[in-house]
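Hi,

Here is the structure I promised to pass on.

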Amino acid sequence: MTGSTSQERWTDLDAAGAVNQRVVDDYRRDGFVRVRGILEPAEVTRFKAAAEAYLAAHRSENFSRDAVFTQLVNVWPRDPTIAELTLHPRIARVAEQLAGIPLRIWHDHMLVKEPHNNVATEFHQDRPYWPHASDRHSLSAWVALVDVPFERGCMTFLPGTQNLTGFRPQNLHDEEDLFTVDPSLRWRPRVTVPLRAGDCTFHSSYTGHMALPNRTDQARFAHVTIYMDADTVYAGTPHVVTDPLGLAAGDRLDGETFPRPWGTTGG
Ligand SMILES: O=C(O)CCC(=O)C(=O)O
């Protein structure tokens, strides 16, 4: 289905599960794109229930309801249902279409803005945080597991910033930080993208982005799968995902820990 009546949900996927060239072109021009209906309604119900259960079991006792978000990193190796979401072939296929290169999973994370957290995730790029080298592209699939209108904390992007490499990591708690790094970005147009449950946005790891505060009574559940170039090597700098692995700079980030998206370790 490529359109909808009032009874049906939109999807931007064709019958083979691919997006059309316009979507790919939009992504490459802007550094982000929305893909509606990447999950079926029954999948949303199942994955949301799994995400809620995982959050209830794993959120730390001293979590803060007014934090930017509750973040649970690398859920997929610990929860078989969420693994189906993180390794979802339909999402991975679109990610590879957009990236134009073979990808691996870098990590997933569940990002929950608690009801009335009232705190934005401030503008930042993702890639400066990561210990990656020799990579050509990386991107995130930000999947809405509940409806995420403006007031529940949807994402805002700075189109065209995906080509800005070489910046230091920016503080996502500081609304000025990215604009301190590059004052010209303050004058860029911003695009805010509300999502229905089951929709997602893909954004390049260099695209500047933020998420609005959650000012509603319902938690904002986003499941984010991050894909990296399948040939990425470890840069040797600290990161919560790689710190326990005993890697040396130059080691390939591959194998079971960083699988190809459809769950194989080959390639
Ligand atoms: O969902 C959020 O609050 C921020 C998400 C984000 O920064 C990301 O997925 O890269």
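Predicted model: local features only at pLDDT ≥ 70, side-chain atom pairs only at ≥ 80, totals over all residues.

Let's start with the rings. There are four aromatic pairs in the structure. Take Phe123 and Phe179: their ring centres are 5.5 Å apart and the planes sit at 75°, so this pair is edge-to-face; over 60 degrees is what counts as edge-to-face. Phe123 belongs to strand 4 (residues 121–124) and Phe179 to helix 5 (residues 177–181), so the pair ties together parts that are 56 residues apart in sequence. Phe123 is buried, at 4% relative accessible area, and Phe179 is buried with a relative accessibility of 4%.

Elsewhere, Trp106, Trp130 and Phe258 make up one aromatic cluster. There's also a charge over a ring: Arg36 lies over the face of Trp10, 4.6 Å from the ring centre.

Now the cores. The largest nonpolar core has 68 residues, and Val35 and Phe202 have the most contacts inside it. Phe179 turns up again in a second, separate core of seven residues, which also includes Ala120, Leu158 and Leu185.

Several strands supply at least two lining residues each, among them strand 3 (103–113), strand 4 and strand 11 (220–229).

Cheers

How values were computed. Residues numbered from 1 in each chain as written. Heavy atoms only, no water. Phe/Tyr/Trp six-rings, centres within 6.5 Å; stacked < 30°, edge-to-face > 60°. Helix = DSSP H or I, 4+ residues; strand = E, 2+ residues; numbered from the N terminus. Buried < 20%, exposed > 50% of the residue type's maximum accessible area, 1.4 Å probe, protein only. Lys NZ or Arg CZ within 6 Å of the ring centre and 35° of its normal. Core = buried A, V, L, I, M, F, W, Y, C linked by side-chain atoms within 4.5 Å.
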